Amino acid sequence: MISETAPLIVVGLGEVVWDLFPSGRRLGGAPANVAYHATMLGERGVLASRVGLDALGDQAVARLKQHGVDVGAVQRDAQHSTGTVEVTFEAGTPRFAIDGAAAWTRPDWTDAWAEILSRAAAICFGTVLQAFPAGRAVLQRAMAVAPRDALRLLDVNLRPPFDTAEAIESALEAANAVKLDEEEARTIGRRYGTSDPAGWLIERRGMRAVAITRAESGSVLFTAAGSDEQPGLPTESPHPEADPVGAGDAFTAAMACQLARGHSPAQTNAAANRYAAYVASQPGAMPPVPPEIRGL
């Protein structure tokens, strides 16, 4: 039985990178963002990833550790550099150019990973790492050791050219819950020949929950019992340099924490929607989170 007070282990499995914005460098990567936000929400956020044995790797590990993220499963690679991503914006929408030869694309399965993943209440992962053989191998091993009742939350995160059919299918096979945005839902619908991707994911792929985020229009959370819709939430006094990068990952983290604690779909969707709206009102994917937002 899950304690109401003891922190749950919420693992972000996959990439940690430095996002290179026109305005400067910020730490990111969807699984790293999830681990950060799970920590902000009071759980034991763990990052399972790989960085180079370089200055950027040192800085990434130190930054996450400073914020309380468990970095014991972050591997160091002497042969490949810490990942970077060029971030640009088109009509306010972020676009990403990902370095596909970085250390995070080559994770190794280790005893440390087996130990932490065997105790995880939630494991959050994306499709990007699944475009690489090493990524598919470690995800399969992770699912084999994870507790039977663990939440296995796929954040679809389609990022060309890493949005291959093999990557998507590998990720779907491992998941029991999915979060995706409206564009990604349409893409899944086209690829699998369905006009109702959420219903298809629940009925045909056995997902216990499917969340579709709609940016400033809010979110919808689907389960076999029905759906819950949340409106977009205006944020008081948004930061003048706010950007939407990381808001989806914040939603994923809050969704994972809520579902892992057994909260209802309506409560889960409301909490995740509110938390993501706050992150979208701030600059970067890992902004400071005030206590009133952490409490949801």
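## Salt bridges, sheet and helix packing

Glu115 has a relative accessible area of 40%, so it counts as partly exposed (buried is under 20%, exposed over 50%, partly exposed in between, with a 1.4 Å probe and protein chains only). This is a predicted model: local features need pLDDT of at least 70, side-chain atom pairs count only at pLDDT 80 or more, and totals for chains, interfaces and linings use all residues. Residues are numbered from 1 along each chain as its sequence is written, and side-chain values use heavy atoms, without hydrogens and water.

**Salt bridges.** The structure holds 12 salt bridges (a side-chain nitrogen of Lys or Arg within 4 Å of a carboxyl oxygen of Asp or Glu). Three of them are tabulated here.

| Pair | Closest N to O |
|---|---|
| Arg119 and Glu115 | 2.7 Å |
| Asp58 and Arg76 | 2.7 Å |

Arg119 is partly exposed at 41% relative accessibility. Asp77 and Arg50 are both buried. Salt bridges with shared partners join Arg50, Asp77 and Asp108 into one network. Asp58 is partly exposed at 44% relative accessibility. Arg76 is partly exposed too, at 32%.

An open sheet of 9 strands runs in the order 5-4-1-8-9-10-11-12-13, with mixed pairing (strands pair if DSSP finds at least two bridges between them). Strand 5 (74–77) and strand 13 (226–230) are the edges; each has a single partner strand, so one side of each lacks a neighbour in the sheet. Neighbouring strands are turned by 15° against each other on average, direction ignored. Strand 1 (residues 9–13) pairs with strand 4 (residues 44–52) in the parallel sense over 5 bridges. There, Val11 stands opposite Val46. Helix 4 (residues 133–145) packs on the sheet and touches strand 1, strand 8 (122–126) and strand 9 (151–155) (contact means heavy atoms within 4.5 Å). The direction of helix 4 makes about 165° with that of strand 8 (angles run from 0 to 180 degrees between N-to-C directions; axes are lines fitted to C-alpha atoms, for helices over the stretch in contact).

**Helix pair.** Helix 5 (residues 165–174) and helix 6 (residues 182–192) pack at about 100°, with axes 12 Å apart. That makes helix 5 roughly perpendicular to helix 6 (65 to 115 degrees; under 35 is roughly parallel, over 145 roughly antiparallel, the rest oblique). Ala165, Ile168, Glu169 and Leu172 in helix 5 meet Ile188, Arg191 and Tyr192 in helix 6.

How values were computed. Helix = DSSP H or I, 4+ residues; strand = E, 2+ residues; numbered from the N terminus.
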